[in-house]
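Welcome to a short tour, one selection at a time. Please open your viewer and keep the selection tool at hand.

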Amino acid sequence: MERTQELDEIRQYLLRQLSEDQQQSIEQRLLVEDDLFEELEITETQLVDDYVAGNLTSEENKQFDEHFLSTPERRQSLQFARVFRRYVDSRPIPRNHRAVKSWWQRWEGQAWELRAAAAVIAVAVIAVALWFAIPRPSSELLATVTLTISSSNRAEGNAAQKIPLPSGTLKIVLQLPDDSAPETIHRVRLIGDDGETRTFEVTERAAKTVSLTIPANQLKRGSYALKLLTVNAAGAEQPLSGSYLLTIE
């Protein structure tokens with residue numbers, strides 16, 4: 001499949017425009033294909049930009065509201081995009097940029113002082129989002145599970161470990177591959193079989209493991225894949241190959 005066609009299909013998936021079988025096919029691929037998940041994140045950002053800029057059709061707007069905004073992370077992205085657009089639109093446009101229609105291109109024309117101010121706003125919004133995303137320790141830890149990594153292909157990897165739905169906080173201990181250092185792992189991405197994703201901070205590190213805690217109210221029955229994320233000096237996240245598979249019954 002060509003990249004353009006695949007991006008179109010991901011966009012349709014996010015707006016729930018595909019058949020049920022096609023939706024499920026992409027959801028299964030997202031659990032095991034790192035490249036496809038990266039394309040999904042890019043398409044999510046583009047879709048939010050198009051929504052804020054008013055570039056979607058009336059039907060796409062309806063699907064965006066009803067389906068795309070089904071997760072807190074996507075609603076936070078939309079809120080940030082709106083704040084960012086209002087800020088850029090409030091700034092004067094240089095004379096040689098009067099004909100530019102794209103709000104992002106208008107942003108490119110701003111002075112570095114304005115970019116710095118916008119960056120401060122962005123950091124503040126992200127900090128608030130992370131504050132609500134970080135799991136708070138529970139007074140009672142009712143469940144602990146240890147997982148080992150599977151290959152990037154589910155068929156070739158280990159079977160998903162099954163546990164009952166916890167009533168309190170779930171602690172997940174992830175055994176690291178031999179070539180991974182605990183100090184390089186900063187976050188873990190949790191991907192549900194419905195395509196919903198959430199990111200959690202690593203709460204503990206040992207010689208060959210990292211751990212995270214997830215409150216039970218953020219879990220439901222179904223299959224999950226967990227991806228280890230490293231963060232470089234610029235703050236960009238990079239998922240490691242392979243997934244940790246978990247089924248909550």
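Before the first stop, a word on helix axes: they are lines fitted to C-alpha atoms over the stretch in contact, and angles between N-to-C directions run from 0 to 180 degrees. Helices (H or I, at least four residues) and strands (E, at least two) are DSSP runs, numbered from the N terminus.

This is a predicted model, where local features need pLDDT of at least 70 and side-chain atom pairs count only at pLDDT 80 or more, while totals for chains, interfaces and linings use all residues. Residues are numbered from 1 along each chain as its sequence is written, and side-chain values use heavy atoms, leaving out hydrogens and water.

**Stop 1: the whole chain**

Show everything as a cartoon. Of the 249 residues in the chain, 42% are buried (buried means under 20% relative accessible area, exposed over 50%, partly exposed in between, with a 1.4 Å probe and protein chains only). Contact means heavy atoms within 4.5 Å. Among contacts in the chain with a separation of 6 or more, 66% are between residues 24 or more positions apart.

**Stop 2: α2 and α3**

Select residues 20-32 for helix α2 and residues 34-53 for helix α3. How do their axes cross? They come within 6 Å and cross at roughly 110°. That makes α2 roughly perpendicular to α3 (65 to 115 degrees counts as roughly perpendicular, under 35 as roughly parallel, over 145 as roughly antiparallel and the rest as oblique). The crossing of α2 and α3 is left-handed: the near helix is turned anticlockwise from the far one by less than a right angle, whereas clockwise would be right-handed.

Now show side chains. Ile26, Arg29, Leu30 and Val32 in α2 touch Asp34, Leu36, Phe37 and Leu40 in α3. Sorted by class, this contact of α2 with α3 has six nonpolar, no polar and two charged residues. Here Ala, Val, Leu, Ile, Met, Phe, Trp, Tyr, Cys and Pro count as nonpolar, Asp, Glu, Lys and Arg as charged, and the others, Gly among them, as polar.

**Stop 3**

Select residues 3-14, which form helix α1; α1 packs with α3 at an angle of about 65°, their axes 9 Å apart. This makes α1 roughly perpendicular to α3, and the crossing is right-handed. On the α1 side of the contact, look for residues including Leu7 and Ile10, and on the α3 side for residues including Leu40 and Leu47. The contact of α1 with α3 holds seven nonpolar, one polar and six charged residues.

Next, turn to α1 and α2, whose axes come within 10 Å and cross at roughly 110°. α1 is therefore roughly perpendicular to α2. Glu6, Glu9, Gln12 and Tyr13 in α1 meet Gln23, Ile26, Glu27, Arg29 and Leu30 in α2.

**Stop 4: strand β8**

Select residues 222-231. Is strand β8 mostly covered or uncovered? It is mostly covered, with eight of its 10 residues buried.

Now colour the strands that pair with β8 (two strands pair if DSSP finds at least two bridges between them):

- β4, residues 185-192, runs antiparallel to β8 and is joined to it by seven bridges; Val188 has Leu228 in β8 as its bridge partner.
- β10, residues 244-248, runs antiparallel to β8, with five bridges; Ala225 stands opposite Leu245 in β10.
- β9, residues 237-239, runs antiparallel to β8, with three bridges; Thr230 has Gln238 in β9 as its bridge partner.
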